[in-house]
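Biologist: I have not looked at this structure before. Could you take me through some of its helices and residues, one question at a time?

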Amino acid sequence: MEKYYGIQYLRGIAALLVIVYHSMVMSVVAPYFNSPIGKFGVDIFFVISGFVMWVTTESKANNTLSFWMSRILRVVPLYWVFTLSIVCAAILVPSLFFNSRGLDFLFVIKSFLLIPTLNPDIGDITPAYTIGWTLVYEMFFYFIFGFSLFLMNLRKRFAFIFVLVGGLACCGMIFNFKGPILSTYTNSIMLEFLAGVGLGYFRTYLLKASVKVGVGLVILSFTVLLTCDADQSSRFWIYGIPSLMLVAGVVSLEKYIQLHISKLPLFFGEISYSLYLSHPISQRVWYVVFVLAFGQILNKNLALYYFVGSVFVGVLGGVVCYYVLEKQLLRLGRLKVFLKRPVNAVV
């Protein structure tokens with residue numbers, strides 16, 4: 001199996017960026033951070049996901065049902081743990097939340113099943129554990145990608161994904177659907193997965209690129225990502241395209257990255273899913289502790305202290321989550337009848 005250590009590094013960086021972003025935008029500290037950074041970490045994840053799915057399935061005889069089951073076992077159990085935790089907390093200790101967290105049964109069920117639905121508490125299309133909104137897109141992409149595995153010819157497989165995902169995104173741009181399901185599944189952000197698939201399909205050309213091209217792509221993409229801001233409707237164009245450039249640059253530098261493999265960034269890549277899913281709860285605990293110790297955040301200095309602690313706690317919580325929860329769930333989910341390789345392997 002091909003190994004792309006740079007992609008694994010980038011996974012960790014993307015997770016850390018999201019942690020940094022959420023440490024800046026919580027309502028009580030947001031006024032002190034005029035230009036929060038890191039929101040685009042999600043877009044990097046989406047491009048990586050498309051790339052990884054293509055590379056890991058390209059050279060093997062794949063069974064659609066096996067693929068779907070492997071993705072479900074990889075993504076859903078840990079998400080369910082946190083969703084159940086947030087639902088229980090909303091019922092038992094509602095004072096922990098800034099919003100009311102009024103939960104109705106159907107909304108909770110749809111949240112567990114990752115079905116796009118209007119969050120009655122917040123008013124946007126997010127599940128009960130709001131950070132799971134990205135997994136709604138991930139699972140829909142896996143659903144489409146699984147069907148493509150019926151096609152053994154790689155050109156036809158790529159064309160199928162390109163036409164279906166691209167067609168849905170075009171429909172969304174033309175008709176501007178408003179309902180939760182149609183507006184989600186036709187959102188242009190789906191093009192980020194398609195971009196990753198395209199990088200996987202054409203990666204042999206990237207691997208021949210010079211180091212100057214790779215470094216140039218990485219520098220240019222990060223410059224754009226750090227200086228631009230996007231909303232959900234413009235996300236692909238402002239964050240997705242630079243994320244495509246970033247992943248392309250990292251892939252093109254793989255031959256140089258493999259000359260010296262660093263364990264720490266590799267570790268952060270390995271635990272990136274735990275970092276992503278656990279950090280909102282870790283940061284909420286940190287906020288409660290911080291207020292008890294220092295009082296309400298009413299000035300810039302306290303906001304900075306909170307921010308530093310929030311990032312640290314977010315990372316620490318991810319490490320604990322990985323060893324205590326994710327690794328154990330992966331062991332339980334690594335059923336030989338469905339999985340032919342470790343579900344968290346370096347691509």
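**Helices and selected residues**

Modeller: Helix 5 and helix 6 make a right-handed crossing. The model is a predicted one.

Biologist: At what angle do the axes of helix 5 and helix 6 cross?

Modeller: Two packed helices are described by the distance between their axes and the angle between them. Helix 5 covers residues 133-148 and helix 6 covers residues 154-175. Their axes come within 9 Å, and the crossing angle is roughly 145°.

Biologist: How many nonpolar residues are in the contact of helix 5 with helix 6?

Modeller: On the helix 5 side, the residues are Phe140, Ile144, Phe145, Phe147 and Ser148. They meet Arg157, Phe160, Ile161, Leu164, Val165 and Leu168 of helix 6. By class, the contact has one charged residue, one polar residue and nine nonpolar.

Biologist: Is Arg157 buried or exposed?

Modeller: Arg157 belongs to helix 6. Leaving out residues up to four places away in sequence, Arg157 touches Trp54, Thr57, Glu58, Asn62, Ser148, Leu149, Leu151 and Met152. Its relative accessible area is 2%, and the cut-off for buried is under 20%, so Arg157 is buried.

Biologist: Which residue's backbone oxygen does the side chain of Arg157 reach?

Modeller: Leu151 is among the residues that Arg157 touches. The side chain of Arg157 comes to 3.0 Å from a backbone oxygen, that of Leu151.

Biologist: What is the relative accessible area of Asn176?

Modeller: Asn176 sits in the loop that joins helix 6 to helix 7 (180-185). Its phi is positive, about 50°, although Asn176 is not a glycine. Asn176 is partly exposed because its relative accessible area is 47%.

Biologist: What is the phi of Leu114?

Modeller: Leu114 is in the loop between helix 4 (105-112) and helix 5. Leu114 is buried, its relative accessible area being 6%. Leu114 is not a glycine, yet its phi is positive, at about 55°.

Biologist: How far apart in space are Pro242 and Thr223, C-alpha to C-alpha?

Modeller: Pro242 lies in helix 11, residues 235-252, and counts as buried at 4% relative accessibility. Apart from neighbours within four places in sequence, Pro242 contacts Ser221, Val224, Leu225 and Trp237. Pro242 and Thr223 are 19 residues apart in sequence, and their C-alpha separation is 9.0 Å.

Biologist: Why does His279 count as buried?

Modeller: His279 is part of helix 14, residues 272-294. Setting aside neighbours within four places in sequence, the contacts of His279 are Val18, Ile19, His22, Ile131, Ser274 and Gly314. His279 counts as buried because its relative accessibility is 0%.

Biologist: What separates the C-alpha atoms of His279 and Asn299?

Modeller: His279 is in helix 14, while Asn299 caps the N-terminal end of helix 15. The two residues are 20 places apart along the chain, and their C-alpha atoms are separated by 24 Å.

Note on methods
Residues are numbered from 1 along each chain as its sequence is written. This is a predicted model: local features need pLDDT of at least 70, side-chain atom pairs count only at pLDDT 80 or more; totals for chains, interfaces and linings use all residues. Side-chain values use heavy atoms; hydrogens and water are left out. A polar contact is a pair of N or O atoms within 3.5 Å; within protein, one must be able to donate a hydrogen and the other to accept it, and residues adjacent in sequence count only if both atoms are side-chain atoms. Helices (H or I, at least four residues) and strands (E, at least two) are DSSP runs, numbered from the N terminus. Axes are lines fitted to C-alpha atoms, for helices over the stretch in contact, and angles run from 0 to 180 degrees between N-to-C directions. A crossing is left-handed if the near helix is turned anticlockwise from the far one by less than a right angle, and right-handed if clockwise. Contact means heavy atoms within 4.5 Å. Ala, Val, Leu, Ile, Met, Phe, Trp, Tyr, Cys and Pro count as nonpolar, Asp, Glu, Lys and Arg as charged, and the others, Gly among them, as polar. Buried means under 20% relative accessible area, exposed over 50%, partly exposed in between (1.4 Å probe, protein chains only).
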